[in-house]
Amino acid sequence: MILEVRDLHKSFGDLKVLKGINLTVEKGETIVIIGPSGGGKSTFLRCINHLEDYQKGEIIFLGKKVDKSENINELRTKIGMVFQHFNLFPHMSVLDNLILAPTKVLKMDKEKAIKKAKKLLERVGLLEKINYYPDNLSGGQKQRVAIARALMMDPVLMLFDEPTSALDPELVGEVLEVMKDLAKSGMTMIVVTHEIGFAREVADRIIFMDQGVIAEDGTPEEIFKNPKKQRTKEFLRHIL
Ligand code: ADP
Ligand code: MG
């Protein structure tokens with residue numbers, strides 16, 4: 001088991017955003033989260049790596065309860081996150097973006113980090129852009145660099161929050177392709193996306209999140225062909 005979330009509750013002031021989320025994620029699983037805007041998907045991902053605090057519940061990562069002060073930094077080195085907007089450092093080359101965290105946080109030797117960066121850039125098809133600055137890359141390329149950068153830390157869990165929703169349509173495929181390869185290589189992943197083709201092909205489980213709860217949870221087959229709840233049906237009618 002990689003991750004266990006128990007009865008997670010999160011509010012912003014009076015606004016209850018997560019109302020008792022329970023989820024377990026096993027090694028190698030790819031979980032796709034779908035659901036209407038405002039339903040709490042991003043907040044949930046942000047709670048998992050403690051970018052957000054929460055009021056109630058437990059998050060157990062690799063068998064250890066994550067404690068507010070103690071092991072958050074360690075946790076963040078093991079959970080990679082890719083956001084909708086690329087969050088690359090604009091004043092740094094692709095290479096420097098990749099080697100920054102491993103050399104600073106993990107104290108990895110610079111030569112070793114460079115070697116690893118080259119390998120990962122090759123994996124996402126961008127070795128030839130190693131000395132480019134983010135501004136000179138397309139959105140799809142930036143997102144592939146962001147994935148490679150996250151992989152530099154050898155994460156055991158990758159979180160993706162709508163990684164393709166800010167991209168021009170013709171650039172979506174190249175990013176999904178990299179994510180598919182990653183899933184097939186055995187990475188454990190939680191992906192918020194409305195790319196249904198990707199979800200069908202890659203997800204072990206689909207979670208439909210609505211109004212702060214997991215309204216439905218099943219295989220792609222179950223969720224897409226035979227949703228049980230009315231609100232899942234309605235949502236799918238909009239996106240399929
Ligand atoms: P989703 O990703 O499913 O669209 P979010 O998790 O972004 O949903 O948002 C869930 C709810 O929480 C929304 O009503 C949103 O306005 C609110 N929310 C998100 N972040 C904050 C914040 N930092 N402060 C106050 N409200 C927030
Ligand atoms: Mg969101």
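**Exercise 1. State the strand order of the open sheet and identify its edge strands.**

Step 1. The open sheet has 6 strands, in the order β6-β7-β8-β3-β9-β10, with mixed pairing. Strands here are DSSP E runs of at least two residues, and helices are H or I runs of at least four, numbered from the N terminus. Two strands pair if DSSP finds at least two bridges between them.

Step 2. Pairing on one side only marks β6 (79–82) and β10 (213–218) as the edge strands.

Step 3. From one strand to the next, the twist averages 20 degrees; angles run from 0 to 180 degrees between N-to-C directions, with axes fitted to C-alpha atoms, for helices over the stretch in contact.

This is a predicted model: local features need pLDDT of at least 70, side-chain atom pairs count only at pLDDT 80 or more, and totals for chains, interfaces and linings use all residues. Residues are numbered from 1 along each chain as its sequence is written, and side-chain values use heavy atoms, leaving out hydrogens and water.

**Exercise 2. Determine whether Phe-86 is buried or exposed.**

Step 1. Phe-86 belongs to the loop between β6 and α3 (94–104).

Step 2. Phe-86 counts as buried because its relative accessibility is 17%; buried means under 20% relative accessible area, exposed over 50%, and partly exposed in between (1.4 Å probe, protein chains only).

Key
Chains are lettered from A and ligands numbered from 1 in the order in which they are written.
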